[in-house]
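Reader: I have a structure open and would like to know what lies behind the terms used for it. Could you take me through a few of them?

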Amino acid sequence: MRRLLHEDRREAEMTEMNSKEQMTALVLHGVGDLRLEKVDIPQPGPGQVQIAVKKVGICMSDVHYYKHGRIGDFVVDCPMTMGHESSGVVAAVGEGVDHLQVGDRVAIEPGVPCRRCAKCKGGRYNLCAKMKFCATPPVHGSMSTYFVHDADFCFKLPSHVSLEEAALLEPLAVAVHAVQRGRVAAGDKVIVSGAGPIGLVSLLVAKANGASAVVVTDIDDRRLAKAKELGAWGVANVMGLDAQAAAKAANAAFGEDFDCSEGLAQAIIECSGTEIGARTAIHAADSGGTVVLVGMGKPEFTLPILEAEIREVDIRGVFRYVNAYPVAVNLLAGGQIDVKPLITHRFHINDAVKAFDTVGGGQDVIKVLIDCEL
């Protein structure tokens, strides 16, 4: 009898221990099928850290997987934890990690490359063919109470940068890379096409990089009002305009104060992902200027290539970012950029499905954050 009681007690203790080793995760099972589930808490291996996730932003790519189950060749064909715009607190440290310790607040750069291929060794690890990127099938994301990640892609936060701000470092890193690809220099005029989250942070980064004036275009006046609030020199509603008319309207928004500045905008950051946006960008760029294609839309566009050729307009692509997180952290830490006004909605992870339905549901939605702390 005593032995049976001991075994029962031990079984109860093991059950309690196992229950403590479960965590909550938001898991996508298919189109429109998001579920909060209990899954095993991952443990860090060598070179990794376990993070108690605090804040996660919802990206439009997350919403696209939710609504369509795929983005291009990336198909959700097995359950996948969502989320890649994350911050949290180090809860455990794996062997060999010496730059982070338990209790450190960190931002998570969600992509981990192989580190060995020619692209990685050449400093363009964002183009690594073996990249493992959070919440890109089949890789699990970080919208869970705990997450394990390679320590060298976790960035310690300055004490005055909040975890909410840190969750916006991922889109901010996209903007940093886009502005670098656009070769924006001090005194340049810049046009940002599209006033969504990426367009708005591109506005902020271009200004921090020394642009003398930034004009933002969109087809919604409420988003343009937010751009003005964030410091856009001018805005232009291009609803219903063809590419050439939209380009003219965008450059006209610089106003008479720039009459002495020859030519058009030196850099166009195209964030709408639309064909008309890309066509407009080429017409709007100054001769010798740069068009940066950030937004992703249809796989093929018809563009005025001759216009780009005879005026030597460089067209450059952007895919995520590379070595941009340290720059983004410093921009927040130094006060050059304030991302807090971009946060419009907050939800607890228990209400995550409602949060996903909110994103894209109204023009007053810019950035939605999920609180993963139970």
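Reader: Which residues of helix 7 are buried?

Author: Happy to start there, with the note that this is a predicted model. Arg-223, Leu-224, Lys-226 and Ala-227 are the buried residues of helix 7; the word calls for under 20% relative accessible area.

Reader: What puts them on the same side of helix 7?

Author: Their arc around the axis covers only 155°, so they share one side of helix 7. In general, an α-helix has 3.6 residues a turn, so residues three or four places apart point the same way. The other side of helix 7 has Asp-221, Arg-222 and Glu-229, which are exposed.

Reader: What do the buried residues of helix 7 pack against?

Author: Their partners are helix 6, strand 14 and strand 15 (234-237).

Reader: Which residues touch the most other members of the largest nonpolar core?

Author: Those are Leu-169, Leu-172, Val-190 and Val-216, in a core of 62 residues. Helix 5 gives the most to this core, with eight residues. Leaving aside neighbours within four places in sequence, Leu-172 is in contact with Val-201, Val-205, Ala-328, Leu-332, Ile-337 and Val-339.

Reader: Why is Phe-319 called partly exposed?

Author: Its relative accessible area is 33%. Buried means under 20% and exposed over 50%, with partly exposed in between, so Phe-319 at 33% is partly exposed. Phe-319 sits in the loop between strand 18 (314-317) and helix 11 (325-333).

Conventions: Residues are numbered from 1 along each chain as its sequence is written. This is a predicted model: local features need pLDDT of at least 70, side-chain atom pairs count only at pLDDT 80 or more; totals for chains, interfaces and linings use all residues. Side-chain values use heavy atoms; hydrogens and water are left out. Helices (H or I, at least four residues) and strands (E, at least two) are DSSP runs, numbered from the N terminus. Buried means under 20% relative accessible area, exposed over 50%, partly exposed in between (1.4 Å probe, protein chains only). A nonpolar core is a set of buried Ala, Val, Leu, Ile, Met, Phe, Trp, Tyr and Cys residues joined through side-chain atoms within 4.5 Å. Contact means heavy atoms within 4.5 Å. The arc is that of the directions from the helix axis to the C-beta atoms.
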